[in-house]
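Here is a brisk report on one protein chain, written for reading beside the model. Please keep the sequence and the 3D view open as you go.

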Amino acid sequence: MIRVNGTLHKSTELGRTNDRRHCDYCGLSNYWILMLYTSYFTFFSIPIFTYSKKIMLACPACDNELNTKENDELRSNITYF
Ligand SMILES: [Zn+2]
């Protein structure tokens with residue numbers, strides 16, 4: 001059976017924090033990664049349109065994530081590539 005439609009999820013690294021941040025989950029301090037997560041609706045495996053975009057800060061050691069939308073201090077402390 002051929003699948004006609006579906007979804008595709010893509011993650012892109014946008015930048016890193018300027019300062020080391022402490023992770024409450026793993027207890028390490030690192031330069032966190034700013035990630036863009038995009039979800040597409042596909043038709044015969046071809047992306048047709050985007051239905052979701054999220055920007056999150058991720059700890060490089062344990063992948064614990066914080067939503068930057070909720071925190072202005074996080075967004076002002078990021079170096080973009
Ligand atoms: Zn962590």
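Helices and strands here are DSSP runs, numbered from the N terminus: helices are H or I with at least four residues, strands are E with at least two. Two strands pair if DSSP finds at least two bridges between them.

**Confidence and numbering**

This is a predicted model, in which local features need pLDDT of at least 70, side-chain atom pairs count only at pLDDT 80 or more, and totals for chains, interfaces and linings use all residues. Residues are numbered from 1 along each chain as its sequence is written. The score pLDDT is the predictor's confidence in each residue, from 0 to 100. The protein chain has a mean pLDDT of 86, with 84% of its residues at 70 or more. Among its elements, strand β3 (residues 29–30) has the highest mean, 94. Helix α1 (residues 72–75) has the lowest, 64. Where pLDDT is low, the predicted coordinates should not be read in detail.

**Overall layout**

The protein chain contains one helix and seven strands. Along the sequence the order is β-β-β-β-β-β-α-β.

Burial is counted from C-beta atoms placed from the backbone: a residue is buried if 20 or more others lie within 10 Å of its own, exposed if 12 or fewer, and partly exposed in between. By that count, 5% of the 81 residues are buried.

Two residues are in contact if their C-beta atoms, again placed from the backbone, lie within 7 Å. Take the contacts between residues at least 6 apart in sequence: 51% of them join residues at least 24 apart.

**How the strands pair**

Start with β1 (residues 5–17). It runs antiparallel to β4, and eleven bridges join the two. β4 covers residues 33–43, and β5 covers 46–58. β4 and β5 are also antiparallel, with eleven bridges. β5 in turn pairs with β6 (residues 65–67) in the antiparallel sense, through three bridges.

Some individual bridge partners are listed here.

| Residue | Bridge partner | Strand of the partner |
|---|---|---|
| G6 | T42 | β4 |
| L8 | Y40 | β4 |
| T42 | P47 | β5 |
| F43 | I46 | β5 |

How many buried residues does β1 hold among its 13 residues? The count is zero, and β1 is hardly covered. β5 is hardly covered too: one of its 13 residues is buried. In a regular strand the side chains alternate between the two faces of the sheet.

**The two hairpins**

The hairpin of β4 and β5 has two residues between the strands. F44 is exposed because it has 10 other C-beta atoms within 10 Å. S45 counts as exposed because it has 10 C-beta neighbours inside 10 Å.

β5 and β6 form a hairpin as well, with six residues between them. In its turn, D63 has a positive phi of about 65 degrees.

S11 sits in β1. Is S11 buried or exposed? It counts as exposed because it has 11 C-beta neighbours inside 10 Å. Leaving aside neighbours within four places in sequence, S11 is in contact with M35 and Y37. T38 is 27 residues away from S11 along the chain, yet their C-alpha atoms are separated by 6.4 Å.

K54 belongs to β5. It counts as partly exposed because it has 14 C-beta neighbours inside 10 Å. K54 and S39 are 15 residues apart along the chain, and 9.0 Å separates their C-alpha atoms.
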